Amino acid sequence: MTPELVALMAGQRAYYAARAPTYDDWWQRNGIYDEGDGRNAAWTADVEALQAWLGSQGRLGRCIELAGGTGLWTTRLGRQADELLVVDASREVLTLNRARGHPPHVRFRQADIFALEPLQQFDTVFFGFWLNHVPNSLRARFWALVRGLLRPGGRALFVDSAAASTIWRFDESIDRQGDRIQQRELDGAVFGVVKQPLAPDDVRQWLCAEGWWADVAQTNEFFIHGRCEPAAVEVVALTCTCDIAPVQFEGRTRDDRPLYIRQHEGPATVCIGRPRETMAAAVQGDPQFLVPLLAQDDARNMLDDIARWCDLTLPDHIAGL
Ligand SMILES: C[S@@+](CC[C@H](N)C(=O)[O-])C[C@H]1O[C@@H](n2cnc3c(N)ncnc32)[C@H](O)[C@@H]1O
């Protein structure tokens with residue numbers, strides 16, 4: 001991360017920590033968010049549509065909620081999940097979330113999403129009103145984390161603000177990375193917050209290009225909801241280009257996309273479909289998969305672990321091994 005991005009993400013975390021006591025006003029249309037009976041009723045109808053959509057997803061099994069906040073979704077998720085781990089960077093919001101009172105199968109962890117490693121896997125990864133806060137340059141890394149957190153057959157579910165409903169009220173600018181930054185004032189302090197406009201078709205197309213099966217739709221006006229699952233990848237050719245650290249493989253998929261795997265001190269990174277010349281750099285900062293290092297005894301075992309984790313089908317012959 002560049003120093004600018006580190007500062008932006010720290011400011012965003014600080015903003016939500018400071019806003020914790022009044023955060024729910026937005027959802028409940030209180031105070032500055034009160035737009036009068038007609039608009040509030042339209043909002044409430046969309047909230048109910050979103051909640052019904054989540055209910056229609058059935059049992060969530062072992063679930064992780066990323067950026068769980070004050071718990072606007074935690075209680076519902078807890079009812080649908082067998083186990084729920086709620087992660088958020090802010091101690092302040094997690095204190096409010098806990099105070100709602102949750103059964104013992106709901107647990108909490110204070111952590112920065114961008115520093116999380118997928119050390120456990122879940123049936124469902126859920127995030128509410130988080131995706132719009134992910135800067136463009138961290139988007140691939142975030143989705144690589146989501147993929148790494150999903151067990152084979154698992155799915156990600158998300159709800160968020162619809163593009164048209166995010167462009168009001170705050171001063172906005174576009175930074176050098178193309179991120180839309182809103183200036184949010186709270187008790188005299190001003191915080192820069194990333195607020196990406198999310199249109200269902202754009203989100204779906206981006207996910208499909210990154211190897212996800214995705215279904216993204218909009219409620220009447222205010223929200224989007226999405227469900228996506230990693231698409232399995234068939235690898236038809238693979239060559240080990242270096243079997244001592246860093247371990248590297250290059251290959252191609254059945255649909256003729258280049259594939260690059262690299263492991264060096266920490267999780268393995270896997271990139272599919274990036275242009276060849278940018279792939280080595282992309283793997284460092286822009287992977288599609290982040291795989292915790294499992295087998296280290298030899299390259300073939302490690303590769304088998306990576307394939308299981310990422311749902312890759314490997315060819316029988318791997319050149320260079
Ligand atoms: C818009 S709120 C969404 C909260 C909740 N999911 C909801 O739907 O109400 C964004 C949340 O992201 C959390 N957050 C911001 N940056 C984070 C980071 N880097 N890692 C983890 N959580 C973060 C904030 O503390 C805040 O609770």
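An open sheet of 6 strands has the strand order 15-14-13-12-11-16 and mixed pairing. Strands (E, at least two residues) and helices (H or I, at least four residues) are DSSP runs numbered from the N terminus, and two strands pair if DSSP finds at least two bridges between them. Strand 15 (289–291) and strand 16 (312–313) are the edge strands, each pairing on one side only. Within this sheet, strand 12 (residues 247–253) and strand 13 (residues 258–263) are joined by 6 bridges in the antiparallel sense; Gly-251 has Leu-259 in strand 13 as its bridge partner. Helix 9 (residues 299–310) packs on the sheet and touches strand 11 (233–242), strand 12, strand 13, strand 14 (268–272), strand 15 and strand 16. The direction of helix 9 makes about 125° with that of strand 15. Contact between two residues requires C-beta atoms, placed from the backbone, within 7 Å. Axes are lines fitted to C-alpha atoms, for helices over the stretch in contact, and angles run from 0 to 180 degrees between N-to-C directions.

The model is predicted; local features need pLDDT of at least 70 and side-chain atom pairs count only at pLDDT 80 or more, whereas totals for chains, interfaces and linings use all residues. Residues are numbered from 1 along each chain as its sequence is written.

A further open sheet consists of 3 strands in the order 6-7-8, with antiparallel pairing. Strand 6 (171–174) and strand 8 (189–194) stand at the edges with a single partner strand each, so one side of each lacks a neighbour in the sheet. From one strand to the next, the twist averages 30°.

Ala, Val, Leu, Ile, Met, Phe, Trp, Tyr, Cys and Pro count as nonpolar, Asp, Glu, Lys and Arg as charged, and the others, Gly among them, as polar.

The protein is divided into domain 1 (3–230) and domain 2 (233–318), with bounds from an automatic or database domain assignment. The C-alpha centres of domain 1 and domain 2 lie 30 Å apart. Their contact takes 13 residues from domain 1 and 11 residues from domain 2. On the side of domain 1 that touches domain 2, helix 6 (residues 136–149) gives the most, with 6 residues; the residues of that side comprise 7 nonpolar, 2 polar and 4 charged.
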